[in-house]
Amino acid sequence: MNILFATSEAVPLAKTGGLADVAGALPKALNKRGVDTRVVLPKYEEIPAALIGQFEQVAHFTVSFGWRNQYCGLLRAEFDGVTYYLIDNEFYFKRRGLYGYGDDAERFVFFCFAVMEAVRYMDFHPDIVHCHDWQTGLIPFLLKTRYYHDPAWAYTKSVFTIHNLKYQGLFGIDLLMDLLGVGHDMFSADSLEFHGAGSCMKGGLVYADKLTTVSGTYAEEIQTEYFGEKLDSLLRYRSGDLVGIVNGIDDELFDPMNDSSLDVPYRNSLSRKRKNKLELQRELGLPQSEDTPLIGIVSRLVEQKGFDLIMATLEELLQEDVQFVVLGAGDAKYEQFFNHIAYHYPDKFAVWIGYDDRLARRIYAGSDIFAMPSQFEPCGLSQLLALRYRSVPIVRETGGLKDTVQAYNEYTGEGNGFSFTNYNAHDYMYTVRRALALYRNQEAWKQIVSNGSNEDYSWNRSAKAYISVYSQLLAHRKEKESWPVIL
């Protein structure tokens, strides 16, 4: 089984968010199960020179789209047993950052066409092209239209994964018509048109053979008006082809027994874990105390992540015997608020504006509790990392958070964290206070941490689910190939 991942980012080459973690870790897990999975993405300036130096050029060719004829280079290298291809065009990709440019439509339309052409130069014929988010959404569209009879793509099926439905790649219809070289007939409501604009996301949602998203609950949520971002009716129509599969984490990359960022390695020992808390408190200038519960937050500082709830309750919660550590960057109002709190509560609150992988790992390891009260969360990786590092998550019951965190039940002893249903500051604060109270009950806390340690948060389970999706498509393809030809 040959799978080609088409993605706009992937670890270890380029990353802005969780998509890169998925596109880096899932192929490794699939390959371990005998699937030949390869990854193709743009050659960004952001990719470290040490990694670029390991690539060799496979081919160079011209990509024609609309009226444009652009150079394209194809490079290849292998990391951790996974083959990566880079699409090289300095005009589009030799610039700082991955996204956010005024010509993003042209950049990623080019990328989609370049992937379609690059397959001719790979020693690899994909049985399935697995596309991720709007930047690659036009590949299933091209596969079903312009490249439908192209031998390079013979019998190839497509899977499109929604990582976050909110970001849809919306551009003017005239612009996309020009870039794609198609007419108005491709911009009807049942194709690429979306409320007067053209949608790259709909290229995947309408034309891919199978749709997946990153948790079972999110798959259900996006079929409702509240979460559906005006695509809920289309997703309900395609519900038979939509599967929710929870993301995993790379349990070799994130291992508290073998993490060089930590002062004291540990697995399930809370006493050894708390030595990392003492070192984190020392590093961030907080009073050192094993007994004081420490709540960690590692996140983009944006509304989606529940920061309105955190802002509304933080000063009241700081009246408790508790400490908070926040790492992240984002909206100015949250950054300013947390800097203000850190100034006025230096013994209870520390903030680091920005992102630092080493510090993030130390927060996962050093915190007793991890707060993630998201407004919506397709899957979420932070709660999985927290559980991996034996930090107990507090989450709102939405998307992947609902699928991975079960509220602790004092009567049955079941549950690996704390959760609340309504997006409400009082419910969040009550849940935090409940967690703080149970933290002081040593036996109950050991049980909660132990429950979390028994779960498998690796990509193993998820990889099996994706292989099932791929196998269904290939079985269906073989059935069609075996149909008699009636002349």
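Mentor: Buried residues, meaning those under 20% relative accessible area with a 1.4 Å probe and protein chains only, make up 59% of the 487 residues in the chain. This is a predicted model, where local features need pLDDT of at least 70, side-chain atom pairs count only at pLDDT 80 or more, and totals for chains, interfaces and linings use all residues. Residues are numbered from 1 along each chain as its sequence is written, and side-chain values use heavy atoms, with hydrogens and water left out.

The chain holds 18 helices and 18 strands, taken as DSSP runs (H or I, at least four residues; E, at least two) numbered from the N terminus. Its radius of gyration over C-alpha atoms is 24 Å, close to the 23 Å from the globule rule for 487 residues, so the chain is as compact as a globular protein of that length; that rule is 2.2 Å times the number of residues to the power 0.38.

Now for your pair. Helix α4 (residues 104-118) and helix α6 (residues 173-180) have axes that come within 10 Å and cross at roughly 35 degrees; axes are lines fitted to C-alpha atoms over the stretch in contact, with angles from 0 to 180 degrees between N-to-C directions. The crossing of α4 past α6 is right-handed, i.e. the near helix is turned clockwise from the far one by less than a right angle. On the α4 side, A105, E106, V109 and F113 make the contact (heavy atoms within 4.5 Å), and they meet L175, L176, L179 and L180 of α6. By class, that contact has seven nonpolar residues, one charged and no polar, with Ala, Val, Leu and Phe among the nonpolar types and Glu among the charged.

Key. Buried means under 20% relative accessible area, exposed over 50%, partly exposed in between (1.4 Å probe, protein chains only).
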